[in-house]
Amino acid sequence: MKIIYLDNAASTKIPDKVAKNVYEKMIKFYGNPSSAHSIGEAAKKEFEKAKASLASLINAKPWEIIITSGGTESNNLAIIGAARASGRKKIIISSIEHSSVYEAAMHLKDEGYEVKIIPVDKNGLVNINALENEIDRNTAIVSIIHVNGETGAIQDIERIGGICLKKGAIFHTDAVQSYGRIKIDVKKMNISLLSAGGHKVGGPNGVGFIFIKEGTPVEPIMYGGKQQKGMRSGTENVPGAAGFAMAASLKYMNKNERTIKEIRDYFINKVEKIGGKWNGSDKNTVYSHAHVTFNGIDGDSLVAYLSSKGIMCSRGSACETNKEEKRILKSLGLNEIESKGSVRFVFSEEINRKDVDYVIRNISKFIRMHS
Ligand SMILES: Cc1ncc(COP(=O)(O)O)c(C=O)c1O
């Protein structure tokens with residue numbers, strides 16, 4: 001059975017070239033980058049090369065990149081590390097943050113921090129006026145997700161970054177869904193901290209980075225051998241970083257946005273004809289994502305049925321619990337029944353019109369069987 005993979009917001013397929021690169025780096029650069037001998041030095045050089053490449057895609061400097069174990073660690077380091085370093089006691093996030101931002105903020109709330117949650121409108125866009133009004137002299141950090149993992153809503157990060165700069169707050173963005181997909185310029189967008197992860201762009205799992213703008217105060221959250229300037233103790237993941245760097249560069253080089261968008265739009269057009277409602281808009285949704293509500297349908301059963309036909313999609317973010325998923329969809333204005341009947345389809349350059357026709361035929365069949 002042919003696999004039609006439409007779960008590219010959860011994880012992406014690793015291109016052969018990237019997998020081979022990771023393997024080769026594992027074999028060749030097995031030394032510990034902290035070792036003083038030439039094998040260690042070679043590993044360190046390779047690690048630095050990967051950082052430089054990851055940095056270049058967002059107009060950052062290589063030393064502003066800290067390699068982590070993924071988006072979750074980067075988000076935790078950003079929220080907890082910046083809040084603690086700032087000495088201030090207020091944290092501002094949006095209502096559609098990934099659980100790794102939301103739970104980190106809630107953890108700080110338990111420690112006595114004030115956490116303000118800014119609502120979004122029906123398009124999933126943060127209320128910028130409310131955000132601006134909340135930032136005060138006690139604000140340690142503002143964290144607003146760039147592209148939402150459920151619906152693909154894109155925030156006006158440049159505008160938000162400008163407001164944070166003007167009001168003197170550290171600005172963090174969770175760019176796990178956007179890094180490698182859309183253009184990011186940390187300078188132009190006034191970003192102080194940014195999180196990204198390898199497995200969303202064709203890189204390996206378990207590797208990510210945090211961009212920390214030079215001079216931004218951040219306390220480490222892991223203690224040990226003081227690798228990566230003491231910001232992230234632990235032996236550096238050389239093959240992971242190299243694989244992530246190569247995958248991200250390939251994504252940037254192969255600008256397939258238009259093709260992916262064209263196929264995604266073809267799907268939306270067809271799915272709306274069979275009763276699906278797209279929770280997105282041409283203007284504010286990233287070109288790859290389609291979050292669709294099928295009223296009166298059980299989304300879990302639809303996902304399972306499609307999986308049995310070789311079509312891989314999901315209800316929402318793989319890392320969200322049912323409760324977490326509800327938190328995000330509720331704040332996007334979906335009621336319980338709509339939430340239950342929603343499924344996320346995330347496209348890549350591998351999907352063609354024939355695949356979409358097959359997906360639509362199977363969704364139709366499922367709807368007919370359950371109505
Ligand atoms: C927006 C967003 N942030 C953070 C994460 C967590 O990333 P990781 O799985 O690399 O820890 C995810 C993963 O789905 C995500 O979509």
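## Terms and basis of the model

A residue is called buried if 20 or more other C-beta atoms lie within 10 Å of its own, exposed if 12 or fewer do, and partly exposed in between, with C-beta atoms placed from the backbone. Helices (H or I, at least four residues) and strands (E, at least two) are DSSP runs, numbered from the N terminus.

The structure is a predicted model, in which local features need pLDDT of at least 70 and side-chain atom pairs count only at pLDDT 80 or more, while totals for chains, interfaces and linings use all residues. Residues are numbered from 1 along each chain as its sequence is written.

## Domains and their contact

The protein chain is divided into domain 1 (4–13 + 255–369) and domain 2 (16–252); these bounds come from an automatic or database domain assignment. The centres of domain 1 and domain 2, taken over C-alpha atoms, are separated by 27 Å. The contact takes 24 residues from domain 1 and 25 residues from domain 2, two residues being in contact if their C-beta atoms, placed from the backbone, lie within 7 Å.

On the side of domain 1 that touches domain 2, the elements that give two or more residues are strand 10 (289–293) and helix 10 (322–331). Helix 10 provides the largest share of this side, four residues. By class, the residues of the side of domain 1 that touches domain 2 are six nonpolar, 14 polar and four charged. In this division Ala, Val, Leu, Ile, Met, Phe, Trp, Tyr, Cys and Pro count as nonpolar, Asp, Glu, Lys and Arg as charged, and the others, Gly among them, as polar.

## Surroundings of the ligand

Domain 1 and domain 2 both give residues to the shell around the ligand, so the ligand lies between them. There are 16 residues around the ligand, of which Gly-70, Gly-71, Thr-72, Gly-149 and Gly-197 come nearest; a residue is near a molecule or strand if its C-beta atom, placed from the backbone, lies within 6 Å of it.

Helix 3 (residues 71–86) gives the largest share of the shell around the ligand, three residues. The shell is made up of four nonpolar, eleven polar and one charged residues.

Strand 5 (residues 139–143) is mostly covered, with five of its five residues buried. Strand 5 pairs with strand 3 (residues 90–94) in the parallel sense over four bridges, where pairing requires that DSSP finds at least two bridges between two strands. Ser-143 in strand 5 stands opposite Ile-93.

Strand 5 is also joined to strand 6 (residues 170–174) by three bridges, and these two strands run parallel. Here Ser-143 stands opposite His-172 in strand 6. From strand 5 the chain crosses through helix 6 (residues 157–167) to strand 6 in a right-handed β-α-β crossover. A crossover is right-handed if, with the strands pointing away from the viewer, the path from the first strand over the helix to the second runs clockwise.

## Antiparallel pairings

Strands of a sheet pair through backbone hydrogen bonds, either parallel or antiparallel. An open sheet is formed by three strands in the order 9-10-12, with antiparallel pairing. Strand 9 (277–278) and strand 12 (342–346) stand at the edges, each with a single partner strand, so one side of each is left without a neighbour in the sheet. Two bridges join strand 9 to strand 10, and Lys-277 stands opposite Thr-293 in strand 10.

Strand 2 (residues 65–68) is covered on both faces: Ile-65 and Ile-67 on one side, and Ile-66 and Thr-68 on the other, are all buried. Four bridges pair strand 2 with strand 8 (residues 208–212) in the antiparallel sense. The bridge partner of Ile-67 in strand 8 is Phe-209.

## Individual residues

Most residues other than glycine have a negative phi, and most peptide bonds are trans. Lys-226, although not a glycine, has a positive phi of about 60°, and Lys-229 also has a positive phi, near 60°. Lys-226 is partly exposed, because 13 other C-beta atoms lie within 10 Å; Lys-229 counts as exposed, because it has 10 C-beta neighbours inside 10 Å.

Tyr-305 has its place in helix 9 (residues 299–308). With 17 other C-beta atoms within 10 Å, Tyr-305 is partly exposed. Tyr-305 and Phe-366 are 61 residues apart in sequence and 7.5 Å apart in space, C-alpha to C-alpha.
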